[in-house]
Amino acid sequence: MKKPYHVLAIETSCDETACAIIRDGRHVVSNIVNSQIDLHQRFGGVVPEVASRQHMHTMLPVVEEALHASGVTWQGVDAIAVTRGPGLAGSLLVGLSTAKAIAFVRGLPLIGVNHMEAHIYGNWLMPDASELAQLRGSVDDAGRLATGARKEPRFPLLCLIVSGGHTELVLVRGHGAYALIGQTRDDAAGEAFDKVARLLGLPYPGGPSIQRAARGGRADAYALPRGLARHGYEFSFSGLKTAVARLLETTRDAPIEDVAASFEQAVVDVLVAKTMTAARDLGVEQIALAGGVAANLRLRRQFVAAAHVPVWIPPLRFCTDNAAMVGSAAYYNLRTGNRSDMSLDIEPGLRLVTEQAAF
Ligand code: KG4
Ligand code: ZN
C-alpha cells in the first residue's frame, strides 16, 4: 500500500487561528479552528491589531491540538503549508513565521498558499457522513450515494468565490490554472452582508446574523436592486446596501425579517444568475461554490437548483476560513512541483490571477 502523505496546514489570514492535518490532499485527519469572533464583536468588525495579538496567543496551542487530534506524530508529517495572502499583514505574519520555524527545524518542505485558491480546494475535501444532508443535490451527495466512492471536481470548472473581501468568478482549467471571468466593482458579497447587518443592528459577522434574522421573512417583501444585471459577469453590491439604508430611513416600521430576507434574496439572485450565465457561455463541465458566503443556505439551495451541470458545494465547516482547505491546495501545488523556500514572505494583496481573461 502507498504511504500516506500528510500536510500540516496553517491559516491565520483574518480572525481565525487554524491548523489541520490533511492526508493525500482530500482526507481531513484533524481540523482545528479557533475563532476570534467574540473578541471582535464589540467593535462590529475585525480589528487587525487585536487579531494578530490573539493569533500569537493561540497559534501554538492550535498546532499542538491539531497534531494531537490527528494521531499523526511529527515523524508522520511530510510538508508544512501556510496561507501567505491575501489577508491582514500582522495576522499572516504569525502563521507564516510559525510555519517557517517548523519547516526549518524539522527539515520539511514549506509551501505558501494563496487563500483564495485554498477556498476553491474546500471542494476537494471529503465530507463526513453526517454532512451529506448539507450537500443535497450537489455532486458530493450524488457521488457518494450512487457509487459509494467520492469523485473529484472535473475541469474546466467554474468557481464562484464569495467571501468577506472577494467576489470572483474564476475558471479553473486544471490544478493551478485560473482565469478571472468577473469580479465585484465595489463591495464583496460578504462585505455587503456585514454592512447591511450593521444597518439592521445585527452582530458581526453579518452573514450568519442576516441568515438567522431572515428566517420566516418574506423574500419578496421589498423590491431591492439586482446590481449590474445587464453587465455580464461583473458584480456590484454597494447600490444594494444604499437601497437598504434608504428603505430603513423611509419605512421605520419595516419588519427586520422581511428586510433581511429581501436583501439576502437580492444578493443570491445576482450571484446565481451571473454564475449560471457564465457557465453556459463558457461551456464548463461543472460548477463550484466557495468562500464564507457559500455557507449561506439560500445561496446553496438556489445554486444547486439553477445549475444545468453538476455542482460542488463544500460542507459548511470548509466554507468559512479553515486550514483544511489550505492543506488540500498545498498538496496539489506540491504535486505540480510548486514549493517555497525560506525566503517565503507574506503578500497581503495577493491575487489569484493577475490578468483578466479575454472572453
Ligand atoms: O471566507 P471567509 O470566512 O473569510 C474571508 O476570507 O473573508 O468569509 C467571511 C464572510 C463574512 O463576510 C461573513 O459575513 C460571510 O462570509 N458569511 C456568510 C455566512 N457565513 C459567513 N454570509 C452569508 N451567509 C452565511 N451563512
Ligand atoms: Zn476566507
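Before anything else I wrote down my cut-offs: buried means under 20% relative accessible area, exposed means over 50%, and partly exposed is in between (1.4 Å probe, protein chains only). I also noted that this is a predicted model, where local features need pLDDT of at least 70, side-chain atom pairs count only at pLDDT 80 or more, and totals for chains, interfaces and linings use all residues. Residues are numbered from 1 along each chain as its sequence is written, chains are lettered from A and ligands numbered from 1 in the order in which they are written, and side-chain values use heavy atoms, with hydrogens and water left out.

Entry on cis bonds. I looked up the bond from glycine 85 to proline 86 and found it cis, with omega near -5 degrees. Proline 86 sits in the loop between strand 4 (79-85) and helix 3 (89-106). For my own reference, helices (H or I, at least four residues) and strands (E, at least two) are DSSP runs, numbered from the N terminus.

Then I checked tyrosine 204 to proline 205: that peptide bond is cis too, with omega near -5 degrees. I found proline 205 in the loop between helix 6 (189-199) and helix 7 (206-214).

Entry on positive phi. Aspartate 24 isn't a glycine, yet its phi is positive, about 50 degrees. I placed it in the loop between strand 2 (16-23) and strand 3 (27-35).

Is aspartate 24 buried or partly exposed? Aspartate 24 is partly exposed, because its relative accessible area is 22%.

Leucine 228, also not a glycine, has a positive phi near 50 degrees. I found leucine 228 in the loop between helix 7 and helix 8 (238-250). Its relative accessible area is 18%, so I logged leucine 228 as buried.
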